[in-house]
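Here is a short report on one protein model. Please keep the sequence and the 3D view open while reading.

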Amino acid sequence: MTVATRYETIIGIECHVELDTRSKMFCGCSAKWFGAPPNTLTCEVCLGLPGALPYPNRKAIELSITAGIATHCETPEHTKFDRKNYMYPDLPKGYQISQFDLPLSVGGWLEIPADDGSTKRVGIRRAHLEEDTGSLLHAGGATLVDFNRSGVPLLEIVSEPDLRSVGESLAYLEALRERLVYAGVAAFKLEEGGARFDVNVSIRFEQDGTTHWPPQSEIKNLNSFRALEEAVPYESARLWDEWESGGEVRRRTGKITVGWSPETRRTYLQRTKEEVDDYRYFPEPDLVALAPDRAMIERLRAALPEMPSERRRRFTSQYGLSDYDARVLVSDRDLADWFEAAAKTAPAQAKRVANWVTGELLGHLRAAGVPLPSIRLTPAQLGSLVGLIEAGTINTTAAKIVFADMLATGRDADTIVAERGLSQVSDEAAIAAAIDEVIAANPKVVADIRAGNRRAISGLIGPVMKKMGGRANNAILNRLIAERVK
C-alpha cells in the first residue's frame, strides 16, 4: 500500500493503565495477576456471582486522583461509578463498573516535543476509573477465559485528538509513562499487560475547496510501542486508499473498531463501533456517589515527587548536565535519586559523578542483569571515589579498578586505594624513565606520531601505564610524551 502525503493524520489515544494496588477494585482478591495460575485470584465479586456486592478500593481512588494531578487535570467536586452494559466472554457480570459522565479527572495536559522541534501541549480530556476484564486465550481451536485480571483497578486516560504522527504519539505515551511511574501510580509494564492502548486514527484533507474528515478507526488493544509504530501508518494509509477508491468510508457515519495483526502487519475489522447509548450506562446502584475531599486532594498533591520534565530541567541548570545525560538519569526515578545522593557528596563534581553513573554504573547493571537497589556500592562511596580523582590521588585507570572492587565488596575507596597501592604516581623522573624505555622499544610508533598520526600516541601511553602499574599521572604522562615525540 502506498502511503499518501495529501492528508493529515489525526490521532487520539485512550491509554488503559493498571494501578499499582495490592487488591482489586471492588473486592479483596490480589491484583497481582501476571504469572499466577489461571483462575486462582477470584471470588464471588470479581466472578459476578449473584448476590455479591462490590466495595470500592480507597487506594485505587487515591491513585487515580494522583494520576490526574500529575497530568494537570482538575478533580471535580462530584463523581460516581456507572454500569457499562455489554456481553463478552471475559465480562462475567454482563456489565463493567466504570465511569460515564462524571469521571475522577478532567481537563489536563502534557507537553511533548512536536514534529517541528517546538514544544506541544497535548490535551487530556478525562481519566476515569474502572475494573479490568478477564483475559482470553485462544488455543487449539478453543477460547479459554482467565478471570484473574477481572476486577483489577484500571485507569483509562483519554487524550484529545491533538497528535499528528507516530513520533508525537510515542512522545506522549513516554511522557505519560514517566509521570505515572514517578508518581507511584502504576508500573506501566507493557510486557506484563500492565498497560495497553486504543488508538483513534482519522485523516483530514482538502478536496475541491472542502475540508473532509471521514469517520475514524479505533485500533484496539495495542500492547507495545512497536505495534503503534506499525499500525497507525497502515490504518491512516488504508483510510486514504479507501476514500480514493470510493469505498465504504465515504458513506460511513460512525467509527469502526479494528484489530492489529503483528503477523500479517495489517489491521482487520472487528466491529462497527457502538455508540454511547448502546452501552446503556446508568449509575451503579450498589455504590454511593463520591465527593473527593479537597483536603485529601491537596495532601495527594503535596506528596507528589518532582516530575520528570521538571527534574530534567533542574539537572541541566543545577548540575550543568547535558540534555542527554539528564534524560538518561531521569528515565528511572531510582537512578535519578541515586545520582543526586552521590552528587550531594561531591557537588563541585556533579558532571563527573553523572559520567560514572551513566557509564560505569549503568554498564555494570546491564551486564550483570541486576537492579540498582541490589548493589553494594552506595552513592556516598561513589562521591568519595570522584573526590579522589579530583584531588589527584588516583587516575582514571586506577579509579576503574577501585570502582570494580567497591561493587564487589562494598568497601570504601580510601581503603581499597591504600590496600592495593593504587595512589597516583606524579614523580616526573620516574614517569620520564618509563617513557624513554617505551620510546626506545617502539620506533615505528614514534615514527607514525612524528608523521602526523596523533592517534598512534596510544601505542606509547598503554605500555607506559603497564610499566607504572596503571598509576602514572595522566596529565604528566601526556605532557612528557608530547615533549619527547615532536
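## Helix 13 and its two faces

Pro 443 and Lys 444 are the exposed residues on the face of helix 13 that is turned away from its buried side. Exposed means over 50% relative accessible area, buried means under 20%, and partly exposed lies in between (1.4 Å probe, protein chains only). Helices (H or I, at least four residues) and strands (E, at least two) are DSSP runs, numbered from the N terminus. The model is predicted: local features need pLDDT of at least 70, side-chain atom pairs count only at pLDDT 80 or more, and totals for chains, interfaces and linings use all residues. Residues are numbered from 1 along each chain as its sequence is written, and side-chain values use heavy atoms, with hydrogens and water left out.

Which residues of helix 13 are buried? In this helix, residues 443-450, they are Val 445, Val 446 and Ile 449. They cover an arc of only 100° around the axis, so they sit on the same side of helix 13. The arc is taken from the directions that run from the helix axis to the C-beta atoms. An α-helix has 3.6 residues a turn, so residues three or four places apart point the same way. The cover over the buried residues of helix 13 includes helix 12 (428-441) and helix 14 (458-467). Gly 452 follows helix 13, and its phi is positive, near 110°.

An open sheet is formed by 3 strands in the order 3-2-14, with antiparallel pairing. Strand 3 (95-98) and strand 14 (282-283) stand at the edges with a single partner strand each, so one side of each has no neighbour in the sheet. Two strands pair if DSSP finds at least two bridges between them. Strand 2 (residues 82-85) and strand 14 run antiparallel and are joined by 2 bridges. Asp 82 faces Pro 283 of strand 14, standing opposite to this residue.

Strand 6 (residues 135-139) pairs with strand 7 (residues 142-146) in the antiparallel sense, over 5 bridges. His 138 stands opposite Thr 143 of strand 7. The hairpin of strand 6 and strand 7 has 2 residues between the strands. There, Gly 140 takes a positive phi near 60°.

Thr 79 lies in the loop between helix 1 (58-70) and strand 2. Is Thr 79 buried or exposed? Thr 79 has a relative accessible area of 1%, and is therefore buried. Beyond its neighbours within four places in sequence, Thr 79 is in contact (heavy atoms within 4.5 Å) with Gln 99, Leu 102, Pro 103, Leu 104, Ala 289, Leu 290 and Pro 292. The side chains of Thr 79 and Gln 99 make a polar contact at 2.7 Å. Such a contact is a pair of N or O atoms within 3.5 Å; within protein, one must be able to donate a hydrogen and the other to accept it, and residues adjacent in sequence count only if both atoms are side-chain atoms. The C-alpha atoms of Thr 79 and Arg 420 are separated by 66 Å, and the two residues are 341 residues apart along the chain.

Lys 220 is placed in strand 11 (residues 217-222). Its relative accessibility is 18%, so Lys 220 counts as buried. Not counting residues up to four places away in sequence, Lys 220 touches Phe 197, Asp 198, Thr 257, Val 258 and Gln 270.

## Salt bridges

How many salt bridges are there? The count comes to 42, where a salt bridge is a side-chain nitrogen of Lys or Arg within 4 Å of a carboxyl oxygen of Asp or Glu. Glu 8 and Arg 204 meet in one of them (2.9 Å, N to O). Glu 8 lies in strand 1 (residues 8-18) and Arg 204 in strand 9 (residues 195-207), so the pair ties together parts that are 196 residues apart in sequence. Glu 8 is partly exposed at 31% relative accessibility. Arg 204 is also partly exposed, at 24%.

Glu 111 forms a salt bridge with Arg 121, with the closest N and O atoms 3.5 Å apart. Glu 111 belongs to strand 4 (residues 105-113) and Arg 121 to strand 5 (residues 119-131), so this pair links parts that are 10 residues apart in sequence. Arg 327 and Asp 323 meet in a salt bridge at 3.1 Å, N to O. Both lie in helix 6 (residues 323-330), 4 residues apart, about one turn of the helix. A network of salt bridges links Glu 306, Arg 311, Arg 314, Arg 333, Asp 337 and Glu 340.
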